[in-house]
Amino acid sequence: MPPCFACLAWPAGNEDATRRAEHLVSALETHQPERPTVFRMPGLYLADLSPTGQPACRILPLHDAEGGPAGCLYGTLFRREAGAQRPLDRLGPEETRRICRTGGRALMTEYWGHYVLILKTGDTASLLADPMSAIPCLYRWLGEIACVFSHLETCPDEFSTGLTLDLASLRRLRVYDKIQTGRTGYGEIRELGGGQRRELSRNASPPETLWDPRRLASQPLRLSDEDAAEALRDTVRDCVGSWAAACEHIVMDLSGGLDSSIVTACLARVCDDKRLDIVHQHIRSADAPELVHAQATCAHLGLDLLALDVAPTRPLPDPDAHPPSARPWRNFLGLGFDRILPDRLRSPGTTFFTGQGGDHLFLMTRSPLGLTDCVRQGAYARLWTEWLNAARLSETSLWQTFASNLPYLLGRPARSALKTAIWERLARLDLPSSDTGAWLEGLPDWALHPGDLPPGKFEQISTLPHLFQIRDPLAQASGRHVIHPLLSQPLIELCLKIPVWQLCLGGINRGLARMAFTADLPEQIRHRTTKGEATQYFARQLSRNWETVSAALSDGCLMEAGLLGRDELDRLLADRAMMAPSTFRDLLQLYTLEAWMRAAASRAARLVRR
């Protein structure tokens, strides 16, 4: 189960608000199977709802300049220093004063980790999420009380009163489910984005963005290839080693790709056999098998590998099985994966690691725009080399490569890859894209507007919101605690400062990472440029569960809410052979949304019966 918390903030001098807050505190503590660890001060209450054995997560109290209570930090915090760090179990007086004095900004520059910060001064409270918002930070108001929580499904019913569906937000998720804009499935619940701070007041202005990746990328590092590779290798090892130090027992989910192999190699340096298990999800379908690559990595590192068979014969989760979360859960289709795990890998003290995030940071791309970046960053000594590399990377001729770069060399502003992806999705569904504000509302400004960044680097930055989807956790009794160590602030910021043409060293995607980990990886993995996929697995799984999906969608909540039309569903169901590649993706996405809508309807009905 991932880190999980609930927090209440209210004006301590308001007797009615204090009385209602105490009622909510009682409901929270009664709702928990075991008494939670809590932090209290006038007008503020925070409870750690994670089960006993949850690694690394702590409540760190904060004090103001006079030594009085000023709030707390929930999560896992490391100091920003060289080498692998251990998570902090306390902060010194001067440290807490500096954090309070800067309104949390000091956390962004002097520390890193997964955390939520709640500051309280008098009747004013503010909320801050780490740059990856690795711990979801949802909030709503009940009268004068601000309710902040990571997972609605772990909170008592009192947190869910008066909720209404946000159909506009759900419609956007229906179109493009990689959008997280601060809105959820309910109009009353909002989510704080990564690196954002917000005053907990109904009348407060929109969240303030403290962490802007464009500022970091605007100051590129000028390192030799060897020094850049060394910096990348050291930072990856430090981040993986720090997370490893925070965990009792680690299960590495090794896909067989470059990124997960790099994380596995870093873990092998710091973990003994008793602390580390390596598993591989062996997909039994027509997709190219990845098992041979995972075996090669483990053989090279001298590690044992446990292959877990994942067959398309597995039934889809029941459409009534979606937990009552605040928004649809993208990983709903994988619900029940823990059942194929051996019992010894299911303990609360076990944490799963992945290699997710490497595509965005090490840079898996075929874009030739690194050539423009090279020119604009003044790396003229490499100009001819990078022209050749850009052509090699994009698999186009030198003249085609030059033609692609020419508009940007002449001053065309960089384009947002996220915005382009949304427009393409709208066009495929034949939906209007003229009202840009409606579709892009709430997305971070840094993902839409390049400022003065060159096009290659902005292309990388504008895809970073997808990383917020990768970490999408769900709290449930059998849920796993998953950490993506590559999605750590020091590594993200380093990769933002390294030019894209250097990240793709030699005209090869993730070329710098390949160079950095030459000694840690078998040649089979280091030179591999293909990506594993599970397209055929999901297509076959849908085929075997066709009647279940068809029945759920034909007369379900999506139809009733107007989020799915009969004509569109008939068109999708008519393509049972799935000749259009998008058919199975659309149907499975709709099935997930339908399951969430049913959970929302079930919760609403239960609250009415109370």
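**Packing around Leu 267**

Leu 267 touches Val 240, Ala 244, Ile 250, Met 252, Leu 276 and Phe 353, with residues up to four places away in sequence left out of the count. Before I go on, please keep in mind that this is a predicted model.

Leu 267 belongs to the largest nonpolar core, which has 92 residues. Together with Leu 232 and Val 236, Leu 267 is listed as having the most contacts inside that core. Which helix gives this core its largest share? Helix α6, residues 225–245, does, with eight residues. Another core lies apart from this one; it has 54 residues, including Leu 24, Leu 564, Leu 587 and Trp 596.

Next, the sheet. Six strands form an open sheet, with antiparallel pairing, in the order β2-β3-β1-β9-β8-β10. Strands β2, residues 37–41, and β10, residues 190–191, each have a single partner strand, so they stand at the edges and one side of each has no neighbour in the sheet. As a reminder, strands of a sheet pair through backbone hydrogen bonds.

Within that order, take β1 and β9. Strand β1 covers residues 5–9 and strand β9 covers residues 145–149, and the two pair in the antiparallel sense over four bridges. In one of the pairings, Ala 9 has Ala 146 of β9 as its bridge partner.

A helix goes with this sheet. Helix α1, residues 15–31, lies across β1, β2, β3, β8 and β9. Relative to β9, α1 runs at about 25°.

Now a pair of helices. At what angle do α11 and α12 pack? Helix α11, residues 383–394, packs against helix α12, residues 398–409, at about 100°, and their axes are 9 Å apart. That angle falls between 65 and 115 degrees, so α11 is roughly perpendicular to α12. On the α11 side, the contact is made by Trp 384, Trp 387, Leu 388, Ala 390, Ala 391 and Ser 394. On the α12 side, Leu 398, Trp 399, Thr 401 and Phe 402 take part. By type, the contact residues are eight nonpolar, two polar and no charged.

Gln 196 lies in strand β11, residues 196–199. Is Gln 196 buried or exposed? Its relative accessibility is 16%, and the cut-off for buried is under 20%, so Gln 196 counts as buried. Beyond its neighbours within four places in sequence, Gln 196 is in contact with Leu 127, Leu 128, Ala 129, Pro 207, Glu 208 and Thr 209.

How values were computed:
Residues numbered from 1 in each chain as written. Predicted model: local features only at pLDDT ≥ 70, side-chain atom pairs only at ≥ 80, totals over all residues. Heavy atoms only, no water. Pairing = 2+ DSSP bridges. Contact = heavy atoms within 4.5 Å. Axes fitted to C-alpha atoms, helices over the stretch in contact; angles between N-to-C directions. Core = buried A, V, L, I, M, F, W, Y, C linked by side-chain atoms within 4.5 Å. Buried < 20%, exposed > 50% of the residue type's maximum accessible area, 1.4 Å probe, protein only. Parallel < 35°, antiparallel > 145°, perpendicular 65-115°, else oblique. Nonpolar A, V, L, I, M, F, W, Y, C, P; charged D, E, K, R; others polar.
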